[in-house]
Amino acid sequence: MALPLKLPTLSVKEAATALDVHPSTIYRWVDEGELASIRYGKQPAEGSKKRGGEIRIPEYVIDERLRRGPVLENSKAVA
C-alpha cells in the first residue's frame, strides 16, 4: 500500500508573509473559517483552553486567496 502524497503546507508565519498580513490575522481567519487549515500534533486535554497542535495552511488555500485580489486586514470588509 502506497502512502498518500504529502500536501504542501505553510506555517502561520509563512502564510502571513505570503498574504502580507500579521500572523494574528491568519489565526483569526482560521478561527472564523475564512482560511482552511490543518492542525497537527497532540489534542489538548479535556476541558483545556489550549487548542493543541500546530496549524498549517495548505498552499492551494493561499493561492486561491491571492487570486481573489488584494488582501485586507479586516476580512469582513472583503465582499
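Helices α1 and α2 pack with their axes 8 Å apart and at an angle of about 105°, where axes are lines fitted to C-alpha atoms, for helices over the stretch in contact, and angles run from 0 to 180 degrees between N-to-C directions. The two helices, α1 and α2, are therefore roughly perpendicular to each other, given that angles of 65 to 115 degrees count as roughly perpendicular, those under 35 as roughly parallel, those over 145 as roughly antiparallel and the rest as oblique. On the α1 side the contact is made by Val12, Ala15, Ala16 and Leu19, and on the α2 side by Pro23, Ile26, Tyr27 and Trp29, contact meaning heavy atoms within 4.5 Å. By class, this contact of α1 with α2 has eight nonpolar, no polar and no charged residues; Ala, Val, Leu, Ile, Met, Phe, Trp, Tyr, Cys and Pro count as nonpolar, Asp, Glu, Lys and Arg as charged, and the others, Gly among them, as polar.

The model is predicted, with local features needing pLDDT of at least 70 and side-chain atom pairs counting only at pLDDT 80 or more, whereas totals for chains, interfaces and linings use all residues. Residues are numbered from 1 along each chain as its sequence is written, and side-chain values use heavy atoms, with hydrogens and water left out.

The protein chain has three helices and three strands, which run β-α-α-β-β-α from the N terminus on; helices (H or I, at least four residues) and strands (E, at least two) are DSSP runs, numbered from the N terminus. Of the 79 residues of the protein chain, 28% count as buried, that is, under 20% relative accessible area with a 1.4 Å probe and protein chains only, against over 50% for exposed and partly exposed in between. Among contacts between residues at least 6 apart in sequence, 53% join residues at least 24 apart.

The strands form an open antiparallel sheet in the order β1-β3-β2, two strands being paired if DSSP finds at least two bridges between them. The edge strands, β1 (9-11) and β2 (38-40), each pair on one side only, and the twist averages 40° from one strand to the next. Helix α1 (residues 12-19) packs on this sheet, touching β1 and β3, and its direction makes about 95° with that of β1. Three antiparallel bridges join β1 to β3 (residues 54-58), and β2 and β3 also pair in the antiparallel sense over three bridges. The table gives residues that stand opposite each other.

| Residue | Opposite residue in β3 |
|---|---|
| Leucine 10 | Isoleucine 57 |
| Tyrosine 40 | Glutamate 54 |

Four of the five residues of β3 are buried, so this strand is largely enclosed by the rest of the structure. Serine 11, found in strand β1, counts as buried at 18% relative accessibility; leaving aside its neighbours within four places in sequence, serine 11 is in contact with Ile55 and Arg56.

In helix α2 (residues 23-32) the buried residues are Thr25, Ile26, Trp29 and Val30. Seen down the axis of α2, these buried residues fall within an arc of 140°, so they line one face of the helix, the arc being that of the directions from the helix axis to the C-beta atoms. The buried residues of α2 pack against α1 and β3, and α2 is followed by glycine 33, whose phi is positive, near 85°.
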